[in-house]
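User: I have a structure to go through for class. Can we look at the side-chain contacts together?

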Amino acid sequence: MSCKMHNIGILGGGQLAMMMTEAAKKMGHVVYVLDPTPKCPASFVGAIQTVGSFRNKQDIFDFITNTNINVLTYDIESVNVDALIEIIDVSQLKLEIHPNPHILKMIQNKWTQNWFYREFGLPIPRFESIDIWRPHFENGIVLKTRYGGYDGKGVWVIDSEEKFNKITGESGLPLDQFYAEEKVMIQ
């Protein structure tokens, strides 16, 4: 069975890009990464790195144009999704982007993501917007940021008004950038 060879572009050159590069190279693909850190992890396993920001629209467009990639993906959720949407919606570039940037845009906002899950009947903890401290749920609350949270970042188990005020105050974010989720008791 033969496989069509691709020039694969990855926005972000971290651990996930490193693993994708190793697998893609075994299949004969050429891998390019856009990452702001010189000598990012993916470059150590054979990815050809362009040093630049995956959050900067011009860097992304230059990366795509200068590498002649035909498939693009990302190893980090915080890429400039609006630039990717513009590429697929407006651009004449013949480029596959996986996963779809419209899905990524929804996933970047955890509040919107929860509403999507609820709408399709997926089991998720109860959640609600937050404007002041109050004991929201009987098991306690998990305070979350709507954007930028991952691997525990942007997530706090809250059990008091004092802790709530400290976290929201120190964050520098307006309260509408947080939401409360029910603390789920796992048995």
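User: Which residues do ring pairs link into a cluster?
Analyst: Ring pairs join Trp111, Trp115, Phe127 and Tyr179 into a cluster. Rings of Phe, Tyr and Trp (its six-membered ring) pair if their centres lie within 6.5 Å; planes under 30 degrees apart count as stacked, over 60 as edge-to-face and the rest as tilted.

User: Before we go on, where do the values come from?
Analyst: This is a predicted model, in which local features need pLDDT of at least 70 and side-chain atom pairs count only at pLDDT 80 or more, while totals for chains, interfaces and linings use all residues. Residues are numbered from 1 along each chain as its sequence is written, and side-chain values use heavy atoms, with hydrogens and water left out.

User: OK. How many aromatic pairs are there by that rule?
Analyst: The count comes to eight aromatic pairs. In one of them, the ring centres of Phe116 and Phe120 are 4.8 Å apart and the planes are at 45°, so this pair is tilted.

User: Which charged residue sits over the ring of Trp115?
Analyst: Arg118 does, with its charged end 4.7 Å from the ring centre of Trp115. Arg146 lies over the face of Trp111, 4.4 Å from the ring centre. A charge sits over a ring if NZ of Lys or CZ of Arg is within 6 Å of the ring centre and within 35 degrees of the ring normal.

User: New topic. How many salt bridges are there?
Analyst: The structure has six salt bridges. A salt bridge is a side-chain nitrogen of Lys or Arg within 4 Å of a carboxyl oxygen of Asp or Glu.

User: What does Glu86 bridge to?
Analyst: Glu86 bridges to Lys57, and their closest N and O atoms are 2.8 Å apart. Glu86 is in helix 3 (residues 81-89) and Lys57 in helix 2 (residues 57-67), so the pair links distant parts of the chain, 29 residues apart. Glu86 is partly exposed at 30%, and Lys57 is partly exposed at 37%.

User: And which residue does Glu77 meet?
Analyst: The side chain of Glu77 meets that of Lys110 in a salt bridge of 3.0 Å, N to O. Glu77 is in the loop between strand 4 (71-74) and helix 3, and Lys110 is in helix 5 (residues 110-119), 33 residues apart. Glu77 is partly exposed at 27%, whereas Lys110 is buried at 15%.

User: What about Glu170 and Lys166, how far apart are they in helix 6?
Analyst: Glu170 and Lys166 are four residues apart in helix 6 (residues 161-171), so about one helical turn separates them. Their salt bridge has its closest N and O atoms 2.8 Å apart. Glu170 is exposed at 59%, and Lys166 is partly exposed at 48%.

Note on methods:
Helix = DSSP H or I, 4+ residues; strand = E, 2+ residues; numbered from the N terminus. Buried < 20%, exposed > 50% of the residue type's maximum accessible area, 1.4 Å probe, protein only.
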